[in-house]
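User: Could you walk me through how to read the contacts in a model like this one? I would like the general idea each time, and then the case at hand.

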Amino acid sequence: MIELDGASQVFHVKGKDLPAVSDVSLSVGAGEVLCLVGESGSGKTTTARLAAGLAAPTSGSVRYQGRDLAEMTRAERRAYRRAVQYIHQDPYASLNPIRSVRSTLSIPLRRHGLARSGAEMQQKVDELLSTVDLSPPESYREKFPHQLSGGQRQRVSVARGLTLSPRLLIADESTSMLDVSIRVSLLNMLTKLRKEEGVGFIYITHDLALAKYFAWEGRTAVMYLGRIVEAGPTPQVINNPQHPYTKALLEAVPEPDPELSRQKKAGGGLLSADIPSLSALPSGCTFHPRCPLAEDRCREIIPVLRTAPGADAQEVACTVVTDPSGAPDGARSAAQADGGAP
Amino acid sequence: MPATTPPPTPSTPLAGAADAAAPGPATPPSEHPVLSAKDLQVAYRTGKDTRVRALRGVSFDLYPETSLALVGESGCGKTTLGLALLRLLPTLGEITGGSITFTGEDGRRRDVTTMSAGQLRRWRWSEAAMVFQGAQNAFNPVLTIGQQMADTLRDHAPGRIGRREILERSGEALRSVRLEPRRVLGSYPHELSGGMKQRALIATGLLLRPRLLVLDEPTTALDILTQRTVIDLLAELREEFRFAMIFISHDLALAAELADRVVTMYAGKVIETGTTQDIFSAPKHPYTSKLINAVPPVRGDLPELASIPGAPPSLATLPPGCAFAPRCELATDACRAEEPELITLTSRPGDMTHAAACLHHEQVHHERKVIARA
Amino acid sequence: MSTDISVPGSPGGPERSATRDAPGVHGDHERTAPQGRRPRASLRHRIYHSFLLRRLLRSVFVIWVVATGVFLMVRLLPGNPVDVYINQQIALYGKSYEQAAAEAQNYFRFDPSTPIWRQYLDYLLGLLRGDMGTSIATPGVTVTEKIAQYLPWTLYSVGLALLISITVGLLLGMIMAYRRGGVIDHAVSIIGSGLHAIPNYLLAILIVVVGAVQLGVIDYTRMRGNVSPGVEPELSFRFLSDIGYHATLPMLTYILTTVGTWALIMKASTTQVLGEDYVTVARARGLKDARIQGNYVGRNALLPLIAQIATQAGFIVGGAIFVEQTFSYEGVGLLLFESINSRDYPTIQGVLLVVTITVVLANLAADLVNAALDPRIRLGEGGAA
Amino acid sequence: MTTTSPPVTDPEAGLPAPSASAGVSPLRRLLSELTRSTAGFIGLLLVLAILAVSLIGPLIMGTSVPGDPARAWEAPSSAHWLGLEGGGKDTLHLLVTGGRTVLMVGFLAAAITTVIAVAIGSLAGYFGGRFDALMLQLTDVVMTIPQIVLLAVVGAFYKLDSPTLLAVIIGTLSWPVLMRSIRAQVLSLKEREFVEAAQLLDVGWVRIVFGEIVPNMASYILINFIIAVTNAIYAMVGLYLLGLAPQRGNNWGIMINDAWTKGAMFNPDAMPYIIAPVTMIVLLQLGLILLTRTLEEILNPRLRDR
Amino acid sequence: APAEPEGGGAGGSGGAFHGAWPYQPAPEGHFNYAAQPYAGVPTVILGDGPYRDLLLPPSALWLWAEEQWEYLIADSHELDAEGGTLTVTLKEGLTWSDGSPLTSQDYLTTFYVQFIQRAPSWGFITGLEAPDDTTVVISFEDPPAVLERYVLKSNILSTAQYGEWADRAKAIVDAGGTMDEGDGEALGTEFQSFAPESLVVSGPYDFDYDTITNTQLTLVRNESGFGADAVTFDQVVIYNGETTEITSLVQSGDVDYATHGFAPASEDPFEAAGYTILRPPVYSGPALYLNQDRYPEFADVRTRKAFAYLIDRATVGQVSLAESGVAVENMVGFSDNFVDQWLTEEVKGKIDPYAQDEEKATSLLEEAGWTKSGDTWKTPEGEDASYEIQFPQTYADWSAAGKNVAEQLTAFGISVTARGLDDKQAPIDIDKGDFEMAIQAWGSSAHPHPHFSFVTDLFVHNIPIAKNQGGKGYGFPLQDVETSAGTVDLEALVTQSGEGLDQEEQKQNVSTVALAFNELLPIIPLFERYGNNPALEGVRVQGFPAEDDPILENAPYADNFVILKMYRGEITPVEG
Ligand SMILES: Nc1ncnc2c1ncn2[C@@H]1O[C@H](COP(=O)(O)OP(=O)(O)OP(=O)(O)O)[C@@H](O)[C@H]1O
Ligand SMILES: Nc1ncnc2c1ncn2[C@@H]1O[C@H](COP(=O)(O)OP(=O)(O)OP(=O)(O)O)[C@@H](O)[C@H]1O
Ligand SMILES: [Mg+2]
Ligand SMILES: [Mg+2]
């Protein structure tokens, strides 16, 4: 349904180029879920914004149902607009404090002519509210955001996203500001939407545990400094991470089990806690300064996504992993290693 | 995880701190608790004569060199408790009852609630330090980190304290949290990243080598990798500096990693307390159990997660009886009639007792339904 | 998470969001923590200096625009000063028109036939040399001389009044914030609002009507003017106390009408800072009260006020036109009023320009002080927010 | 602005708006809060009273004030509570009829200022770019010339034929300050995610700016409107006082000017003629200021005591 | 605390006289007294007021009631109309404050400097001579009636100070040059910027230069000056300020005498504070000007007459100046005070006093084609009558008059709105014809001759002079004027009325113009202003003239009676 093909986004700040997203390709179909993970600053939001059409890529393309966004006609663009919606992180900022729930929901309905009469409007609003588990609708319709809890607000946000019956919802850390228990109910509600209504999802988080839970049936892509460094079906990525960065992320997740967390102490950590600045990217593999596996060649070779030797369904961008033989000019030779099993 | 090639950790303890007597072997738990809260009550004034009872009788003991995690949903009073312990409540908040007893290195016991302003001032930070929830704004934006550390040292020094000594001691503290003193000391807060600020704040907390460190959600605002760095650091520092620690978090997973002991709070009350092992493997309060069930694990099988129905009660209009009753499947009329007290389940020495405030604790069987195998 | 990561794409698309300005001053995001930083001192130096330079250039630009504006405005004003002069001569001395007109020619050396760009060029060149032309109302006296005579009095009275008012106001404000709901808080709030409600010129009138005429407690007649007759300008107690005495009424007016406002602003600002985390942390760190009140609360509470102080300076200089008039205090306000009435165009031009420069300088000073006190500003202009 | 918000579910924490009972219209709520604060109540009363006197008074007493010059400067009496002025006119009558212009100019000028400031400020803030930069430069310049000074010069040289014109000039000269703060507010509001949400819902920029963003500043605009009224009245009365504004008709500013130039203050019988209009203006200003202060306290939770 | 002002308060043995006059201190103000009082460099300190006569006494002052000169530094003068000379003889032994003697040479200096200043006297002077130290002979051509006044009232300057200027002027005069070209123009320009820091005086007082501030200055005795033995005050303190400021000083009893135009409201409190109000005539006042060029209905004499009947002049005067605003009675274009002197009983009999009469006004208007519908009048063109009246805002009395006229006309049904203008701008607008109705001056307070009143009335803001501003003023044509006495050329008549030295002939012309004025009312005089000079008798000063003292007829700005009485030694410090 939505496809990013070699999409890049370069910001210019104070005369410096910041390649926030470089050469990202991904796609999501109806009812599918793609999870983007990565630490802060890795370009997840920027990628999501490209997909949502909130920004145009500086190179590469974004396609909706096969049509490049840049070439769309007005009508197509309208259709696309309605099909892709975004749910923000902050439940306090994402609702207009001066609008009641009803007014928040009815504005897009009216604007797009989806409800003609007042009664129809009422009915639509109530439907939406029940869809997001805000029932009975009467007790929420007239509320203002400040009268709702964070979880409730986030549900209203989702309901607003649903007003135009979208095909794809992009949830950018939409649950990270919520309490654990509320987070779960919201995730469950979104899953229900996906299963029952066939809504596709791009779900963004830096918590792999959440990715695992929400996108178990979908795919997960790990981003680092604007590039996807590993992608594959979620169970594989979580249970059998290939890229050292993915491993580090996994290690970082605290385990709600004292026994597990005590055992976990082993395993490779990162060499440095801080992500490099986008304006001064390391040469070669941008991860090499922090990588426990880094070899000399990593300084020179920019790795590309390849099928991982040990896991067919996963793609990974790491020369050391995809080309363990260690040919100095590995990027080329890595191509030959295609399909090669360990 | 700690970096594989960490900068050299100081091999010597911080010099010069007043109470820097050689860190002896772990004090046996039989000693006096560092901190002992008894029936602590805190209320916030919300109107001319309306109050919110944010803490409704909280008691616990904290023994030297142990760590305790305070967990619970947002608004249950964790921060309030942390602030009350250091008597840092905002003007509208007030300790309305109970006592907080602090035992110093020398064995002197003092009631924090009755200390004078001057005593409090000297006591704070030198004996009990706190790392705040909003670490991002914990530093004065117009002073460098170095200046702020120096302020702390100066105001706690018995006499004048030299520039060299200040530099040395703050440098050491920063190195202990893996920050490069030369860079950080002269930086303004806005020039540091969130993780660096958090670490600098922890370093500041360690400056005077307090016996007690209270950390209020020290990692909530941090990126996952940074959070990991901080957590690992804390574990190390605890070994090195041997402070007692109260770790406040809504993230149970973090509690599981860092604490010897967990205290679950709900609506201003302690509803369960026990060792980390107790709480995570066999919680005896339905609330704790549900809370754990809402946390997705990253390893192993994929369990089904369930949320707790309903929302926490408003402290202004608490129902009689168990505050959790309206959200609890086990609730009976008895629960709704009277608020249950903590029931000791497993008695252990010191403060390692497992207790839960639930009439139906026997019926709580913690198990996670697996929906997908790893 | 800092909200500055999410840049709303406006309908304009990527172009604008891509060129979005520097991170907010509070950016605690990784990107403001560069890895390979240059040695601190030199970096700071550079940024600071370019900030200074940029700020100076902006001031010069504003002054140039105002100078040009003033030039054009005066040129476009109705009522030709030459006509006025001629008319006066005829009316006062019964001269013939020809006589008067010829005389006017002598006076004004003002040739309306010179092309306007030429006049403008001469004017700008003159300004650069500090030459603002010659007064029409008082031929032979240059505008510079006039302003040199009047401006110091305004700077002195307004400046000192502002200083007193700000000092007292800020102190009161801090006390109010610390003792919210206390007697001082209530009293200053009520009195401050009351005084703030009185426009300064009406307060001046009230002082004269009530204080001088009705109650007779103020010797208004003796207090008029800038100095008493026979008092030489010198650095003596006699002189200083005398000019102090004469400036009392205008200063009283300025102070009374502003001090309450300062107190209230400072109270609000302090109250806000008192709620900041770093103040709680400072208390938790067991810092001494004096240090917290000064370096932690006071300094941060003051920062947002500095720009307002500069703005106020401009406002009071504007108000001087009324107040000086009422008390016959011979400052630029009075000069301006008189020049307006006598259509003394060059002087009006000069006064407008000088007043503007004063305000520009006040703003400049405020910005520099702000930059000195607030390290966050040096990162880049924080915008107008 | 960096807000490191913790996970929150507490519906009461960090609220942007007062948490009064639901369902009541915001205006009624505002009124009830206003009347609950003493200062606000007094302010409201003062403003309403002066409005009533100035708008209804003339209807009862008539707008033209007859005078008997032979009885100039008569002392206050039971027939003429505030005595007579130099033309033998009833001072009280003049006072009652003299408010209209002041109020009209004040409110009209403030309205002009506010409309310009909000329109330009929100558009400049929302769209940024060249227009924004230009407007910033412009305000930079305009703000450095003290408004009163500029007004005095402009007022003296152009025939400010009518109070309306005066209001227009005051209004068009004083928008920059407000425009800047509106712009700043819009800059921060537009970063809020609900704006992006509205963009995603494709509701059009007009609705986004004037339907989503601007209403969020309603209270701020209201407060600034009232402040603009006080400023306009300050400027206007000042100009009247200096004799630089049209001296036709009758209003408090003209009365004060007249009283001052005629030396009314030295005549005990004439005292009401100067004190009365001064009092009216001061009370009006006081009322407006109390109103803004209270509104600020009610509407801006930051100022509320923590 | 204030430094004790050195001028005020205590006073020496001879006490101090406290007067008031607006001036500008240095650097704006200066002491270039050249060509006073008939021309001059503006902003000369005290130069435009009566106090200058204490510093640089003129030859004589005019007694308006007695119609004769009272000599100061002159001993006598003689006008030889046949020979075309005016001879002034000086008193003996006069000296300047720099020690040099005051001689006829100084007269020459003075008049040559007047040439630089284009003083009107040079329209007639053809030669200047100083046969000996005390005699000056001035030759002239076609002298106006007032040449004598020009000469005798000139403040004489010291050659030591102005000699060089005079020499340069003389060179131009001798070469037949003018001030409008070449050397003359250069000299004029140079002279404007001549701002000496002090003045060489010949009178009884000199400035105390060190104590001049923006609020007051002090004149101290010049022992060697003329009249030094006659004047009795050791000091004359002059407070600086316009009416508003001086009002407060009078109120507080700080001023003994002031000539400002005080608001009527101030009079009661002044009297309460112990002042007597002296009311010398000012011989002029405000008149209603109608733009006859723009509005045909105003060009119709019937309309103007109707207005004259309509307006209650007494009320206008009362409102504006209380007792000091006296309704004009004769409506002849000059002061009622001159009427007896200049018009015969017969002529007076022909004067229409325009006593207020609404009926007459109504019928005149209707005759002129005005119609009344309901309460409002329509112009002959059938439009609703609605005008604007402009007046100089800064003159309290005139603006009061303007507002009152507007009210009266509006009450009558002709809507008039009042508009205050800058006092410098108002006359220009009139000259340019840029007005509807206006309040401007009638009469002249500087010269007692009706000629000057007529000039103000008929020339200044009318076609002859307004043309210089490119307009027609109020647009009343002066040639071929139809009167009941036949067609006359008013412009010529007015000019002739001031020419020659034959009073009888002048009276003839004056009568003709006066009657024409009365009949045609080119402008409508409203009231005559009398001074309301507060005088504080018996506190510091005694000897102010009594109410019936004829000297009170002296115009206070021209031949001030207080100055005269100081020279006479009649106004003295209070004893004790
Ligand atoms: N409008 C912008 N202008 C300049 N730089 C930007 C802009 N938006 C994002 N960036 C930079 O691009 C990089 C990627 O940002 P992005 O917001 O996509 O990261 P993220 O993975 O979503 O991080 P987080 O987890 O913190 O939300 C960051 O370094 C950020 O500073
Ligand atoms: N200043 C205050 N005035 C009134 N009530 C307050 C104040 N501060 C906190 N409260 C209330 O006290 C209760 C406990 O708040 P507290 O901040 O201690 O919770 P918490 O457990 O730390 O929550 P979180 O996880 O969100 O930090 C909440 O209901 C809150 O609304
Ligand atoms: Mg993001
Ligand atoms: Mg908390």
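Analyst: We will go through an interface, a ligand site and a salt bridge. This is a predicted model, in which local features need pLDDT of at least 70, side-chain atom pairs count only at pLDDT 80 or more, and totals for chains, interfaces and linings use all residues. Residues are numbered from 1 along each chain as its sequence is written, chains are lettered from A and ligands numbered from 1 in the order in which they are written, and side-chain values use heavy atoms, with hydrogens and water left out.

User: How many residues of chain C are in contact with chain D?

Analyst: Contact means heavy atoms within 4.5 Å. Here 66 residues of chain C are in contact with 55 residues of chain D.

User: And what area do chain C and chain D bury between them?

Analyst: Buried area is the accessible area (1.4 Å probe) that two parts lose on being put together, summed over both. For chain C and chain D that is about 5,400 Å², 71% of it on carbon and sulfur atoms.

User: Which side chains form the salt bridge across the interface of chain C and chain D?

Analyst: A salt bridge is a side-chain nitrogen of Lys or Arg within 4 Å of a carboxyl oxygen of Asp or Glu. The rule finds one across this interface, and it joins C:R58 and D:D140 (3.0 Å, N to O).

User: Which element gives the most to the side of chain C that touches chain D?

Analyst: Helices are DSSP runs (H or I, at least four residues), numbered from the N terminus. Elements that give two or more residues to that side include α2 (40-76), α8 (200-214) and α10 (237-274) of chain C. The most comes from α8(C), with nine residues.

User: Where does ligand 2 lie, and which residues come nearest?

Analyst: A residue is near a molecule if one of its heavy atoms lies within 4 Å of it. Ligand 2 sits between chains B and D. Of the 15 residues around ligand 2, B:S74, B:G75, B:T79, B:T80 and B:Q133 come nearest. Oxygen atoms of ligand 2 also lie 3.1 Å from a polar backbone atom of B:G77 and 2.9 Å from one of B:K78.

User: How many salt bridges are there over all chains?

Analyst: The count comes to 68. In one of them, the side chains of B:E329 and B:K290 meet at 2.8 Å, N to O. B:E329 lies in the loop between β11 (302-303) and α11 (333-337) of chain B and B:K290 in helix α10 (residues 286-293), so the pair ties together parts 39 residues apart in sequence. Strands such as β11 are DSSP runs too (E, at least two residues).

How values were computed. Polar contact = N/O pair within 3.5 Å; in protein donor to acceptor, adjacent residues only side chain to side chain.
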